[in-house]
Amino acid sequence: MAGVCTDEEREKVVDFLNGKSSVKSKFYFQDFLPLFPDKKPREVKKVLSALIDGGVLEYWSSGSTTMYGLKGAGKQSAAEGES
Amino acid sequence: MAKFKTPLLDELETGPWPSFVADIKQESAHRDANPDNLDYQIPADTLDDLLGQLELSYKEKETHWKHGGIVGVFGYGGGVIGRYSDQPEMFPGIAAFHTMRVAQPAGKYYDTKFLRKLCDIWDLRGSGLTNMHGSTGDIVLLGTQTPQLEEIFWELTHDLNNDLGGSGSNLRTPAACLGQSRCEYACYNTQDMCYNLTEEYQDELHRPAFPYKFKFKFDGCPNGCVCSMARSDFAVIGTWKDDIKIDQEKVKAYVGGEFKPNAGSHAGRDWGPFDIQKEVVERCPSQCMKWDGNALTIDNANCVRCMHCIDTMPRALRIGDERGATILVGAKAPVVDGAQLGSVLVPFISTEEPYDEIKELINKIWDWWMEEGKNRERLGETMKRLSFQKLLDATEVPAQPCQVKHPRTNPFIFFKEDEVPGGWKRDLAAYRQRHQR
Amino acid sequence: MAFISTGYDPKKPMEGRITDIGPHKYSQYFPPVIAKNFGKWQYHEILEPGVIMHVAESGDKIYTVRVGGSRTMSITHIREICDIADKYCDGFVRWTTRNNIEFMCSDEETMKKLRDDLNSREFAGGSKKFPVGGTGACVCNMIHTQGWVHCHTPATDASGPVKAVMDVVFKEFSEMNMPAPVRLALACCINMCGAVHCSDIGLVGIHRKPPMIDHEWADQLCEIPLAVAACPTAAVRPTKVEYDGQKVNSIAIKDDRCMYCGNCYTMCPALPIADGETDGIAIMIGGKVANRITWPAFSKVVVAYIPNEPPRWPTLTKTVKHIIEVYAANARKYERVGDWANRIGWEDFFRLTGLEFSEHLIDDFRESAYYSWRQTTQFKF
């Protein structure tokens, strides 16, 4: 199930997130689709999954929905002050 | 010895219905006693603190939980729900108290070996409190801390050969009724379809990339015991196309009072003798039955398969043999645009293994919804916003009367350009030859 | 406490990792009679409340004893279930969609011993551990959500009101004296993670005040755009406010757009929504999911608000019990709560139950509202 991701694709995603970091740190899956206009959503998912497995991105969940962000970024990280 | 006094909760220990308070207290006492001499991996008094916080909620009538964004184990985007107490100093044992969803076998049959092993894991590494089961169908392990999540996942996968369930914007853990395992009404093997599709779509279940949650549920017949029509984006409900099978001798046995109607379900009250005319024939929604005092006839072409006659006389009437399923899509709870029940998309689809036709349909729906769905929009809402026709286009399912209650009541029809001869390009000059300005 | 490692190495998370295996295959947990007669069941009969006999084409029989379960359940309790299953059921047991537990055995003698054993077990305090019932035309076990036990946005508890309601309808659970099955459900807030919108009687926790805004902490605890994006009605917007003599980034909420869902609190703990004195429960009735006789239907709100009265919610339990009693006395055989209300008309529903009809019960939410108003001169005075 591992995703696939080129260096160029990784850069695109990381640049996008860094560019928005002053506004917010977490984005819905749909927000990444415009970065890859030639890719189907399922192919974009492969890119993001690869970045998750590579430790570049992490998921954040509201329980009902899930968002993607750069690992460790933002005010509400996944685990709050637990050892 | 209980850590906190819980006078309000204690009042829920009396009365006949199983008391969750008594049960939590029993588990708390078990942890205090620690008969197996475990090195508990989360505080031994975690349930004392849970009862203490719950008592506080009963006093103040407000919750004391906060949400945490933690999602799952490494590489998974679901399966764990983060919870933190908003009174961690008062209740340190539940400062962090996360939920893990564990995938349940379809139909929820277990052996005690599996259950005991699961209990052992949760005894050592969690609070010892569960939900059997959560609303969607998972086994829910209620209350552990972040460092234990990977350890529990490791033991689940390595020792128990079992995976986590779903949460967040992904395929949620599918659920099925018990189907053919113990029900004579089941029109297809609900458990197998549920299992097969769950395995097929593991990536969709663990790695969220949908606009919002997506649920499959599998009901064996239109009685709908697993509530697929109300609770799943994609409901597979068993049905049949040919004739209800009638055993006339047994119909007479019902009429004669030898068999109890509806399998004895009304035995707690005297409803008088069974009246087949009133209780079955006249209740038939499509009025397709006749009883002449000797034989029951069904005009099967007019039967809408509501199950009432079969439910009422299960020994005399049986589902037909040409079986499959109806697909209804788009059900959801009211948030945010109002509740929706599933709408008929495909009236009859094959339910034969390996379920290729159904998978093909699911893939088309997902491709469309992933492309067109807005953030946090369930399939039903996307359908409402973009139209049923768009879903028909995406799934290549033909339009048919059984998909609507009635045809549209307005003439605002959006024809496609290629449906209208000549398309949208029109000859103004020719028009002007016929009409002055 | 010493950390006991399974062998998982956080530095090498992929090493030895097993993923994407799903649940166990359903068939490995079938009792032998179930496995043998799979797909070959002929009919069933409810022998007595809570006891069902299924008969296969082969002539084999399986006896199921159904007991109500509290879905919030300890492992000590599960281990006791295992002991019972080992003693009577060859080590097999199952759960139903509605939190019931089903013990199965293949002979009648064992079934009787099993049933009596189950009925005899009690928790400290006297509640039954395994009440036999929940079959046929009864008030079924409730499905419900987490409530104050484990949820962050509930407007009421779940396990507590469920226990209180089931205590007052215990007779109706244990006997089969209803006109049709009565399915109860409780969701502790309007998000309904346990969907109750198609229940005969659905209880829904409701908040009635928009969230408070903790200006001091909003910008420190939250990413404000995430809270804004979480709002389903676009009632939340970013703003700057004076706090403690300083301009700070914070949040503004348009009160009359707020539907009190708590989604913004999920994203931002500086927007607490719970309010002990004004939160409570609405009662919805007349929904169903089965296609039997009539079409599946949504539940309709018949009581807009009942305050939270822990620990036993007396107003709530009295009202639910009353609705059930009036229904049971007036409905026809096989008629579900909603079918009964539709047949007699809502004028008579409110007259017979004595429930007050108020403007809160008239739908005003988006376009579906119009379809619930009455467009005919046919009505009852």
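Predicted model: local features only at pLDDT ≥ 70, side-chain atom pairs only at ≥ 80, totals over all residues.
Residues are numbered from 1 along each chain as its sequence is written, and chains are lettered from A and ligands numbered from 1 in the order in which they are written.

We can begin with chain C. Its contact with chain B (heavy atoms within 4.5 Å) takes 140 residues from chain B and 144 residues from chain C. Together the two chains bury about 12,900 Å², 58% of it on carbon and sulfur atoms; buried area here is the accessible area (1.4 Å probe) that two parts lose on being put together, summed over both. Trp17(B), Lys61(B) and Arg182(B) supply 8% of the area that chain B buries against chain C, more than any other three residues.

The rule finds 14 salt bridges between chain B and chain C, a salt bridge being a side-chain nitrogen of Lys or Arg within 4 Å of a carboxyl oxygen of Asp or Glu. One of them joins Glu367(C) to Lys384(B) (4.0 Å, N to O). On the side of chain B that touches chain C, helix H4 (residues 112-125) of chain B gives the largest share, 10 residues. Helices (H or I, at least four residues) and strands (E, at least two) are DSSP runs, numbered from the N terminus.

Strands meet across the two chains as well. Strand S4 (residues 109-111) of chain B and strand S5 (residues 92-95) of chain C run antiparallel and are joined by three bridges. Within this arrangement, Tyr110(B) stands opposite Val93(C) in S5(C).

Turning to chain A, 40 residues of chain B are in contact with 27 residues of chain A. These chains bury about 2,800 Å² between them, 50% of it on carbon and sulfur atoms. Arg207(B), Met370(B) and Asn375(B) supply 18% of the area that chain B buries against chain A, more than any other three residues. Four salt bridges are found across this interface, and Lys40(A) and Glu371(B) meet in a salt bridge through their side chains (3.8 Å, N to O).

Technical notes: Heavy atoms only, no water. Pairing = 2+ DSSP bridges.
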